[in-house]
Amino acid sequence: MPQVPLNLYLELSAVLFIIGVIGFLLRRNPITMLMAIELMWNAGNLAFIAFARNFIDMSGQVFAFLVITVAAAEAAIALAIVVMVFRRRENADVDDISVMRG
Amino acid sequence: MTVLFWICALVAIATGIWTISSRQPVHSVVGLIVNFAALAVLFLTLNADFLAMMQIIIYAGAILVLFLFVIALLTIGAEPIEQGRGRLAFQTAPSVVAGLAALLIMSAGLRVAWSQSASAPVLDLGSVATFGQQLLTTHVFAFEVTAFILLIAIVGVVMMAGRKELRF
């Protein structure tokens, strides 16, 4: 059974990451922006696991596990912020939200 | 193997574009679930069995359900998109076909993973036993950092969500 070369996995990872970046930059719904961030996390994970397979080294997979955990924590906190902000204002557009301005 | 890779890559890219381009956030969540399932099949082809399972359980199971809860909470007073029975009847056949296609792709990924482990038993890269052994010996610091990150997330969410309103 022929192996798929590493290049293809990395190119797919790059394409998915770019889709996530485009979604994050173009959309103004904060929930959709968070989903674009999840796309980017997963693109990075795919690259980690492809490298782990290429070099027969478990470190990449362990780091992908860490990335999944951080992504879960990020999603939980970001969604809590979204709920908290939207409890005050009905508007669903991040351009109008400036309450967390530094 | 190569065919499986291309199928999963096309599904992942198409559902990724669908995720960022659909107007309704619920549609985005559905696209993202299919995207994560395709990525889980790709993880299977890369000998990452445990991570493929975690991808399905944690991402598609937990995080996206969290997204769905938040969307449901924020659109609690809105009118439902589908009204009447006509639209739902139209959706039944495509959803059944999509589910069967997803089942076929997942089983193909599992078959590839099993045939790999049967033909080359030396390469025991991402099985649960290897992963757990590595996680609790070589990379035990990463494991402990993981626990700390989850603690931070729990404390932060409870602090923010427990309040009645923003206070600065």
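Two residues count as in contact here if their C-beta atoms, placed from the backbone, lie within 7 Å. With that in hand, hello everyone, and let's start with chain A. Among its contacts between residues at least 6 apart in sequence, 46% join residues at least 24 apart.

A word on the source. This is a predicted model, in which local features need pLDDT of at least 70 and side-chain atom pairs count only at pLDDT 80 or more, while totals for chains, interfaces and linings use all residues. Residues are numbered from 1 along each chain as its sequence is written, and chains are lettered from A and ligands numbered from 1 in the order in which they are written.

So what does chain A's secondary structure come to? It has 3 helices and 0 strands, where helices are DSSP runs of H or I with at least four residues, strands are runs of E with at least two, and numbering goes from the N terminus. As for pLDDT, the predictor's confidence in each residue from 0 to 100, chain A averages 86, and 84% of the residues score at least 70.

Now to the two chains together. The contact takes 48 residues from chain A and 53 residues from chain B. On the chain B side, α3(B) gives the most, with 11 residues. By class, that side has 38 nonpolar, 14 polar and 1 charged residues; Ala, Val, Leu, Ile, Met, Phe, Trp, Tyr, Cys and Pro count as nonpolar, Asp, Glu, Lys and Arg as charged, and the others, Gly among them, as polar.

Have a look at helix α1 (residues 6-26) of chain A and helix α1 (residues 2-21) of chain B: they pack at about 5°, with axes 9 Å apart. That makes α1(A) and α1(B) roughly parallel to each other, a label for angles under 35 degrees. Residues making this contact include A:L12, A:I19, B:A9 and B:I17.

Finally, the core. The largest nonpolar core has 57 residues; such a core is a set of buried Ala, Val, Leu, Ile, Met, Phe, Trp, Tyr and Cys residues joined through C-beta atoms within 7 Å, with buried meaning 20 or more other C-beta atoms within 10 Å of a residue's own. Its largest share, 14 residues, comes from α2(A). A:L46 is one of those with the most contacts inside this core. Leaving out residues up to four places away in sequence, A:L46 touches A:Y9, A:L12, A:S13, B:L39 and B:L42.

Methods. Axes fitted to C-alpha atoms, helices over the stretch in contact; angles between N-to-C directions. Parallel < 35°, antiparallel > 145°, perpendicular 65-115°, else oblique. Buried ≥ 20, exposed ≤ 12 C-beta atoms within 10 Å, placed from the backbone.
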